Amino acid sequence: MPSTTIPDEQKHQKMQQGSEKSFKTRAPVDEPGTMRTNDDIHSTIRLCPATKTIIDTPQMQRLRGLKQLGTAELVYTTATHTRFEHSLGVGHLAEKKLRGIKERQPRLRVTEMDVLCVKIAGLLHDLGHGPFSHVYDGLFRAELKKASSRNNHLYNDVPLDYRKMMDGWKHEDASLSMIDALLKHLGLEIDDSDDGLDKPLRQIGDGIDAERFGIYGYKQEDDYWYDGVDKPLPPDFVLTSRDWIFIKECIAGGPLPPKGMSIKAAKSSGRKLEIVGRKGKNKEYLYDIISNVHSGLDVDKMDYFSRDGCRTATGESAFNDFLLENAYVAKGLCESPEKCWKCNGKTCKESYHLMICYQSPKTINTAMSFFRQRFNNYKNIYEHHKTRASSYMISDILALADPYYRLPGSKLPISLAMCNPDAYCMLKDSIIDIIQLTDDDNLQPAKELIQRYRSRKLYKSVFEQPIPANVDWAQNLWQMDEENIAQEIVNLSENILCRSDIIVEKSEMNFGKKDENPVSHMRFLPKSLLTRTREKPELLPVAIKVNESNYECDASKSYNQRSIRVYYKQLDDNGCVSLKDCFNSLIDKVKSECTQHSYDDTGSLIGSSIDFSANVNICTQSPIKSDVEESPFVMKTKKRRKCDNSEPTLFKSAMERIG
């Protein structure tokens, strides 16, 4: 998107307060006509001069190089959309939702600046994501933590200030620092002092004029169309430091953490944190548009549920407009005041907030469809066994390269790139291509794994054991640590299997509130109360929780699905069979300890399981005899049993029944 500058005679020479420095500044682009971009989910998305200026920064353009679904394109070939597209969609939906509320409830006094800030928050909410979606701040960080003790000496060239990673770091923390880098690129900076909060951003360099960075358009009181060229913007049209803090708070989901502390660590620290951006109860609902702490129904999920479902042909997006058009602000009871930043952690039986509610009964079924779409997306896309297997491969590639590869300029490893926003801006999905082209013998193991990934010779999903909620032995298995499960499997194989070749993953898919019905966390207004939403904020009606019996046909019997998956890194089929046998034996052991019954009368495992290897008995989900006999572990065990006169073991009795 090209930028144009103000003619020299109109160009401002800005003086930094308390300094002799002057800067060349310009206004954001205000091209004639409407600026729009096409989108396959929302048809068209409108861009104002302020948002267009933000989109044209390197920090925002970086999102074009980050695929929204990471490695899911190996399962769904059309799942190649990026976080850039998603961010545009979230900004569009945020503006559309808040503007609709503003029109339906004018006494809420939603300002155009509120709308612009929420839209910008939607655009920038994913600015801190690393390569391959959540692999960077999830699997990769977990793998590095395991290897930290043996690889510390390989990071001696990294400055000490960068080596200690903040506890609980997530991509939202990087989003906050990337916003500062984005403003710095524009020659601006947030002034969080008491004197500077309600003034334009501090000018720190050449770039956008702080006094012309904001809303462009017609102001009825002045009877003038402000385009940022002939006249500076009026004060209420200019983005202030308080506005940008509000934007950050929308992304953080509440008050900003102290400097040097992650959002997660700040929330768990017990510190009392204050809201700065939009103080007062009459504006608290604004924070639920991007990230809804009450119900989880927000515009971020609206966009990526529908976008991901559309690109993989597994879902639909019809619920978006219907929910947006029937959204209102009303009083609602907070169900978790001890965890709610709005309640300041105080337990109170009647803690009401102004929250986003929906008209009942017509939106209840649509809301349930929305949350069911979440579950379907996780089942079919995000937690698909091949998506997860390939994500583990990417994690291993990055972990193998991290001790030896340094990002140009910053000399930081991949794992610490977020410590330097300039370095992080260069870190995209293309990092594996850069690793492959780097001439360093130490990177050879990573290069070989990249080649295998490119050839789609992925880690194998060997076995999946569902964990029913009402089965004791399954719950006992779930309580075991992933590392302990893996080590038990290695022990049962008598060290034929190598621990480093085994991945054990606890998978959990739900509707958004774990075991609970997410719709029960929403608040609804009957049609008879809609007229009262036109009142002042203090007189708004109380929205209610709808009993599940009113929509029992749409409700689910269970809202959380758990399973334990086992993956094998090698391409050896015999190793897969051995791993399957050992995991079955571990399940038998857990069952025996819990119920003293290892197998039912048919010889199959109690409770169904999913086996992803080639040969499996579909009816019993148990290994067929030929596969079991080919396993080195079984062959070794049978040979030892022939020379052993001890009592028959669980595994031996199982073999006899299979025979």
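How much space lies in the second largest pocket? About 1,500 Å³. This briefing walks you through a predicted model, starting with that pocket and moving on to cavities, aromatic rings and a strand hairpin. The structure holds 3 cavities of 30 Å³ or more, along with 16 aromatic pairs.

**The second largest pocket**

- Several elements come together here: α6, α7, β5 (188-189), α8 and α14 (421-425) each contribute at least two lining residues.
- Helix α7 gives the most to this lining, with 8 residues.
- By class, the lining of the second largest pocket contains 22 nonpolar, 15 charged and 3 polar residues.

**The second largest cavity**

- The volume of the second largest cavity is about 50 Å³.
- Its lining is made up of Asn-292, His-294, Ser-295, Met-355, Ile-356, Tyr-358, His-521, Met-522 and Arg-523.
- These lining residues divide into 4 nonpolar, 4 polar and 1 charged.

- Among the 16 aromatic pairs is an edge-to-face one formed by Tyr-136 and Trp-169, with 6.1 Å from centre to centre and 80° between the planes.
- This pair links distant parts of the chain, 33 residues apart: Tyr-136 belongs to the loop between α4 (112-124) and α5 (139-151), while Trp-169 belongs to the loop between α6 (160-163) and α7 (171-185).
- Are the two partners buried or exposed? Tyr-136 is buried, at a relative accessible area of 0%, and Trp-169 also counts as buried because its relative accessibility is 7%, under the 20% cut-off.
- Tyr-136 has a charged neighbour too: Arg-141 lies over the face of its ring, 5.3 Å from the ring centre.

**Tyr-226 and Phe-237**

- Another edge-to-face pair is formed by Tyr-226 and Phe-237, whose ring centres are 6.0 Å apart and whose planes make an angle of 65°.
- Tyr-226 sits in strand β9 (residues 224-226) and Phe-237 in the loop between β9 and α8 (241-252), so the pair ties together parts that are 11 residues apart in sequence.
- Tyr-226 is buried, with 7% relative accessible area, and Phe-237 is buried as well, with 10%.

- Which residues do ring pairs link into a cluster? Tyr-304, Phe-305, Phe-370, Phe-371, Tyr-378 and Tyr-382 are joined in this way.
- At Trp-478, the ring face has Lys-506 lying over it, 5.3 Å from the ring centre.

**A strand hairpin**

- Strands β3 (residues 36-39) and β4 (residues 43-46) pair in the antiparallel sense, over 4 bridges.
- Together β3 and β4 form a hairpin, with 3 residues between the two strands.

Conventions:
Residues numbered from 1 in each chain as written. Predicted model: local features only at pLDDT ≥ 70, side-chain atom pairs only at ≥ 80, totals over all residues. Heavy atoms only, no water. Phe/Tyr/Trp six-rings, centres within 6.5 Å; stacked < 30°, edge-to-face > 60°. Buried < 20%, exposed > 50% of the residue type's maximum accessible area, 1.4 Å probe, protein only. Lys NZ or Arg CZ within 6 Å of the ring centre and 35° of its normal. Pairing = 2+ DSSP bridges. 1 Å grid on protein atoms, 1.4 Å probe; cavity = no way out; pocket = protein on both sides within 12 Å on 5 of 7 lines; lining within 4 Å. Points joined across faces, edges and corners; volume = space filled by probe spheres on them. Nonpolar A, V, L, I, M, F, W, Y, C, P; charged D, E, K, R; others polar.
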